[in-house]
Structure formats: structure tokens, C-alpha cells
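Trainee: Please walk me through this structure. I would like to know what stands behind each term.

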Amino acid sequence: MVMATTTSTAADTSLASVTLEVADLDAARRFYAAFGVDTYIRLRESDAHSTGFRGFTLALTVSGPATVDGFVRAAVEAGATVLKPAAKSMWGYGGVVQAPDGTIWKIATSAKKDTGPATREVDEVVVLIGVEDVKATKQFYVDRGLTVAKSFGGKYAEFAPGQSGPVKLALYKRRALAKDLGVPADGTGSHRIVLGSSAGAFTDLDGFAWEAADQPYAQ
């Protein structure tokens, strides 16, 4: 069994914003408003080449199965494609959808039964990036001031959230992430996502770009 290590130290540097690069800015704005997650991301127009798996997902944790179903239904009605229908698993209940712009979203709950009515509330948002070497990439981010909150050896790492943004950053093996999402692991070109922080501009070991985020989530 791989033991988790944790720390409660507040992050000096953290994920402050998530920008999705989309081909049709107006359409993406309509989709994310209808989906109900527009306050967690910002959007930028881009025609950068990208094919196959982009190496990341945005994961929503919600209160119960009915709320998962509500978010999945809203996404599909707004134009998303279902990659994995919402279903029970040993971990809880969840499903995976792909937005019209290509971004993959996972909506899940640890609860297997509803204890209250469905809501449109999100408990947690995580940008989960698939990497080739979790330990090396974790150290890369630690060297740039991020604080590890959870770590499961070379399989998974999660960083402490900051005060300036509502989204957390986590690392997972790329092929394991693709398998979890129900898509082939192969992909080339742009990731079509830019992460923002107070640490300024840099690019990580797997090509994910970061930039200075002076005004997080300003559309």
C-alpha cells in the first residue's frame, strides 16, 4: 500500500487562475454559463493546433449523485458529449463529459446516495494534469513555491490551494488519467490551457504553460 503524506502549510505560490483556450469565444462563454462553471475559469480565443488527449481534466466535486446528474444534464443540453455516463463506482458516483471546445470535465461525488435535494453548488474544483513522472513534476512545482497537500508516492500529488483562486492543482500519471476519463492517452499540440500564479511565467516538464495572474478569473 502506498501511504499518503500531507501537510497543512499554506501555499506561498498557488494556482490563481485557469484559462481555457477556445476556438469560438462566444460559444464557449454560452456553454460554460449554461454548464454553471463560468466563475471558475476564464477563456481566451486561440486556434493553436491540438489533437487527441490534451493531458488534463477539470474535476468538480459535488454533494451527491443527483447534483452530479444535474451538472451532466446541463452540460449535455448545452452541447457537451458524454465520455463516461454517470454511474456508481467503488469511490462514489460520477461521470465525464467533453465540452464543445474539447475540454474534458469530470463531475463526481464520494456519496453513493443523496442525503438532500440536488443543487447547483460545487464543493471543489481541481485541475488535474497528466504527467509522465509525478515525482519529478511535483518537485518542479515545489521548487517554484507550491506546497504539497497530499502525495501518494509516484502516483498522485495535490497542492495546497491559495487565497486568490478557487481551483486546486493536482498531478496524476498521464496514461492513468486518460484511462479514468475513458479516452486514448495519445495527443499532440497545444494543451489549450494556461495556468496563472504569482510566480510569473514558466513552462513545466510536460509543457503546461503558466503566466502571471494579476486579476484572477477576470473575463
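**Spaces and rings**

Mentor: A search of the whole structure finds one cavity of 30 Å³ or more. This is a predicted model, where local features need pLDDT of at least 70, side-chain atom pairs count only at pLDDT 80 or more, and totals for chains, interfaces and linings use all residues. Residues are numbered from 1 along each chain as its sequence is written, and side-chain values use heavy atoms, with hydrogens and water left out.

Trainee: What makes a space a cavity, and what makes it a pocket?

Mentor: Work on a 1 Å grid over the protein atoms alone. In a cavity, a 1.4 Å probe fits but cannot get out; a pocket is an open set of points with protein on both sides within 12 Å along at least five of seven lines. Lining residues have an atom within 4 Å of a point. The largest cavity has a volume of about 30 Å³, and the largest pocket about 1200 Å³. A volume is the space filled by probe spheres set on the points, which are joined across faces, edges and corners.

Trainee: Which residues lie nearest the centre of the largest pocket?

Mentor: Trp-91, Lys-106, Ala-108, Leu-128 and Asp-180, out of 31 lining residues.

Trainee: Why is the pair of Phe-35 and Trp-105 called edge-to-face?

Mentor: Rings of Phe, Tyr and Trp (its six-membered ring) pair if their centres lie within 6.5 Å; planes under 30 degrees apart count as stacked, over 60 as edge-to-face and the rest as tilted. The structure holds 13 aromatic pairs. For Phe-35 and Trp-105, the centres are 5.4 Å apart and the planes make 85°, so the pair is edge-to-face.

Trainee: What does that pair tie together?

Mentor: Phe-35 lies in helix 1 (residues 25–35) and Trp-105 in strand 8 (residues 104–109), so the pair joins parts 70 residues apart in sequence. Helices (H or I, at least four residues) and strands (E, at least two) are DSSP runs, numbered from the N terminus.

Trainee: How do you know whether Phe-35 is buried or exposed?

Mentor: Buried means under 20% relative accessible area, exposed over 50%, partly exposed in between (1.4 Å probe, protein chains only). Phe-35 has 0%, so it is buried. Trp-105 also has 0%, so Trp-105 is buried.

Trainee: What makes Phe-202 and Trp-210 a stacked pair?

Mentor: Their centres are 5.2 Å apart, with 15° between the planes. That angle is under 30 degrees, so the pair is stacked.
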